[in-house]
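Hi everyone, thanks for making time for this. Have a look at the screen.

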Amino acid sequence: MLYFILAIVLCAILTFYRVIKGPSLPDRLVAMNSIGVMFLLVLVLLSYYFERKIFVDVALVYGVSFFINVLIMAKYLKKPGKGGVGD
Amino acid sequence: MIDIIFHLLFLFLIITAFFMVFTKDLSNSVITLPLFGAILVIIFVILQAPGVALAAAIMTAGLTTAFFVITINKTEYGRNE
Amino acid sequence: MIDFNLSVRQLFAFVFFIAGIYFLLSTAVGLIRFPNLYTRLHAGSKCLMAGGISVFMGCILLEGISFVSLKLIVIMVFLFITNPIAIHVIASFDNNYNLIPKTYTKEDLDK
């Protein structure tokens with residue numbers, strides 16, 4: 001089980017290259033969303049490694065919180081003056 | 001085997017923190033902030049502390065970043081063009 | 001008989017995990033190597049959801065029928081609904097910058 005967790009963490013570190021060297025802002029947002037979902041999978045697999053089922057609740061709360069975070073970033077983090085998402 | 005993952009996560013935490021401090025644009029720093037919180041949540045889970053992990057998942061990865069983004073939108077940052 | 005059943009279930013769960021890690025690795029390579037924003041959106045939506053659903057199916061298969069399995073199904077359905085919404089919102093966020101894909105030129109759009 002630990003080899004799978006190590007592989008997913010290495011994938012997340014590879015994806016962080018796009019956050020450092022993204023030409024524009026949506027590239028960084030897509031890479032951030034991908035790293036967040038990978039860390040959700042790491043949390044679920046850690047719950048199976050330690051065999052404590054309370055950690056699934058941590059994964060659920062983290063997933064809801066991260067989705068709301070991405071939505072708020074895509075809504076408000078824009079250059080104003082050219083018409084927004086909701087307009 | 002769990003030690004390798006633990007030290008790798010600490011290395012990733014340090015890389016994220018240095019990128020957040022030394023970048024030029026303020027939006028890149030705000031985008032990297034929930035990743036910092038996510039790595040912190042995983043470290044708390046490995047250290048067998050689910051209560052602290054729940055609190056960090058709500059506050060650091062959720063509410064703090066949303067408040068920062070809304071505050072940056074309210075100010076005049078990046079509206080000079 | 002029960003032990004045989006458990007070992008077969010573990011075998012199938014590991015097959016699901018290896019498939020999921022292959023999809024996640026293809027997501028990372030695609031986000032690094034693709035040249036354009038829209039291809040990166042494609043890699044960030046489809047391959048990521050394939051990997052996530054594969055890992056969740058392996059976990060459900062390893063658990064069996066219990067209350068934790070229902071929680072995992074709830075997380076999986078939530079992820080399956082909300083990740084395309086997030087990608088769609090990011091893609092419509094892109095319209096503010098007036099980016100044009102590389103395959104079209106401006107003269108083609110004027111015609």
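Residues 59-77 of chain A are 95% helix and 0% strand, with 26 Å between the end C-alpha atoms. When I say helix, I mean a DSSP run of H or I with at least four residues, while a strand is a run of E with at least two, and both are numbered from the N terminus. Please keep in mind that this is a predicted model, in which local features need pLDDT of at least 70, side-chain atom pairs count only at pLDDT 80 or more, and totals for chains, interfaces and linings use all residues. As for bookkeeping, residues are numbered from 1 along each chain as its sequence is written, chains are lettered from A and ligands numbered from 1 in the order in which they are written, and side-chain values use heavy atoms, with hydrogens and water left out.

Why pick that stretch? UniProt, in an unreviewed entry, lists residues 31-50 and 59-77 of chain A under "transmembrane region". Those positions are given in the numbering used here, the feature names are shortened, and such annotations may be inferred rather than shown by experiment. The other listed span, residues 31-50 of chain A, is 100% helix and 0% strand, and its end C-alpha atoms lie 29 Å apart.

Stepping back, chain A has three helices and zero strands, giving the pattern α-α-α along the sequence. Of its 87 residues, 61% are buried, meaning under 20% relative accessible area with a 1.4 Å probe and protein chains only; exposed is over 50%, and partly exposed is in between. Next, contacts, which are heavy atoms within 4.5 Å. Taking those in chain A between residues at least 6 apart in sequence, 49% join residues at least 24 apart.

First, A:Thr15, which sits in helix 1 (residues 2-20) of chain A. Is A:Thr15 buried or exposed? It counts as buried, because its relative accessibility is 0%. Setting aside residues up to four places away in sequence, A:Thr15 touches A:Ala31, A:Ser34, A:Ile35 and A:Met38, plus C:Ala28 and C:Leu31 from chain C.

Then there is A:Val9, also in helix 1 of chain A. With 1% relative accessibility, A:Val9 counts as buried. Apart from neighbours within four places in sequence, A:Val9 is in contact with A:Val42 and with B:Ile5, B:Leu8 and B:Leu9 of chain B. A:Val9 and A:Ile35 are 26 residues apart in sequence, and their C-alpha atoms are 9.2 Å apart in space.

That brings us to the interfaces. The size of an interface is often given as the accessible area lost when the parts come together. Here, buried area is the accessible area (1.4 Å probe) that two parts lose on being put together, summed over both.

How much do chain A and chain C bury between them? The figure is about 3,900 Å², 80% of it on carbon and sulfur atoms. In chain A, the residues A:Phe4, A:Val30 and A:Tyr48 supply 15% of the area that chain A buries against chain C, more than any other three residues. The contact takes 43 residues from chain A and 41 residues from chain C.

For the charged pairs, a salt bridge is a side-chain nitrogen of Lys or Arg within 4 Å of a carboxyl oxygen of Asp or Glu. By that rule, three salt bridges cross the interface of chain A and chain C. One of the salt bridges in the model joins the side chains of C:Arg40 and A:Asp27, at 3.1 Å from N to O. Helix 2 (25-50) and helix 3 (55-76) of chain A, along with helix 1, each supply at least two residues of the side touching chain C. Helix 2 of chain A gives the largest share of that side, 15 residues.

Now the other partner. Chain B and chain A bury about 3,600 Å², of which carbon and sulfur atoms give 84%. On the chain B side, B:Phe12, B:Ile31 and B:Leu35 lose the most area to chain A, together 17% of what that side buries. Helix 2 of chain B gives the most, with 13 residues.
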